[in-house]
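Here are a few notes to read with the structure open beside you. Take them one at a time and find each spot as you go.

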Amino acid sequence: MSPLASSEVAVLDGVNGSLATLPDFTTDEYKDAYSRINAIVIEGEKEAYDNYISLGTLVPDNAAELKKLAVMEMKHMRGFTACGKNLGVTADMPFAKKFFSKLHGNFQKALAEEKLTTCLLIQAILIEAFAISAYNVYIRVADPFAKKITEGVVKDEYLHLNYGQEWLKSNLEGCKQELIQANKENLPLIKSMLDEVAKDAEVMQMDREELMEEFMIAYQDTLVEIGLDNREIARMALAAVV
Ligand code: PL3
Ligand code: FE2
Ligand code: FE2
């Protein structure tokens, strides 16, 4: 087994400049939480690969670009697999499959109906904003090995978010109604998923409120860029609180 970072490692707390302590990555409690969170991330990256390949069938003109995005997801999956190995953790993949099943089902249904707007909202906006929020929070409390990998990954995730954002922006008039409807159906799923990981995330010193805050920033910034107005954005965000 590779050497583990010790709990003695201290980091400067960005808010007040005081010393904050990283979690002890070697405890059974940490490893148990990590077995689920790590699996979620591995499964999420794998499904993201499949989803970008599928999106290429709906936008044949962009298939080459979407293939490039997909390949990044495969690389992310390998990176996070290495993070689990480094900590001596076995990822709980059946748990992760179940975790994504509803969102996965909605994506597959939209794909079969060739609803590109819905597919983009699910993968390139909601899932990517979720990943960006989680990875940004995780970077602050990760072991040094995982921190380095996650920093590389999160840069790519912004490119993925940007792809969806730019397509929706260019096609806003024709896709607004579908976008709002798809958001109503899928944003509550993201909220439940966040609730479901909150306890394990807490063990890894990732705060639930901080995760929600980061998600809302990425999500709302994207909706602004797409060209929605304040009222539309507020309405869309409220779909999370039903
Ligand atoms: C697509 O690029 C990524 C899809 C993955 C989404 C995962 C969301 C992660 C939720 C849990 C947060 C923990 C982060 C820790 C990383 C080991
Ligand atoms: Fe990714
Ligand atoms: Fe991504």
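1. Start with the second largest pocket: its lining splits into two nonpolar, four polar and five charged residues. Bear in mind as you look around that this is a predicted model.

2. That second largest pocket has a volume of about 170 Å³. Among the residues lining it are Asn106, Lys109, Glu113, Thr118, Gln181 and Glu185. Two elements give two or more residues each to this lining, helix H3 (93–112) and helix H6 (172–203). H6 gives the most, with five residues.

3. Now hop over to ligand 1, which takes up the space of the largest cavity. Helix H1 (28–58) and helix H4 (116–139) are the elements that give two or more residues to the shell around ligand 1. H4 provides the largest share, seven residues.

4. What classes of residue make up the shell around ligand 1? Count eleven nonpolar, one polar and four charged. Of the 16 residues around the ligand, the ones that come nearest are Ile37, Glu45, Glu73, Glu128 and Glu157.

5. Zoom in on three of those glutamates. An N or O atom in the Glu157 side chain is 2.8 Å from an oxygen atom of ligand 1. For Glu73, a polar side-chain atom lies 2.9 Å from a ligand oxygen, and for Glu128 the distance from such an atom to an oxygen of ligand 1 is 3.1 Å. On its own, ligand 1 has 520 Å² of accessible area, and the protein covers 99% of that.

Technical notes. Residues numbered from 1 in each chain as written. Chains lettered and ligands numbered in written order. Predicted model: local features only at pLDDT ≥ 70, side-chain atom pairs only at ≥ 80, totals over all residues. Heavy atoms only, no water. Near = heavy atom within 4 Å. Polar contact = N/O pair within 3.5 Å; in protein donor to acceptor, adjacent residues only side chain to side chain. Areas by Shrake-Rupley, 256 points an atom, 1.4 Å probe, with all protein chains shown as cover. 1 Å grid on protein atoms, 1.4 Å probe; cavity = no way out; pocket = protein on both sides within 12 Å on 5 of 7 lines; lining within 4 Å. Sits in = over half its atoms within 2 Å of the grid points. Helix = DSSP H or I, 4+ residues; strand = E, 2+ residues; numbered from the N terminus. Nonpolar A, V, L, I, M, F, W, Y, C, P; charged D, E, K, R; others polar. Points joined across faces, edges and corners; volume = space filled by probe spheres on them.
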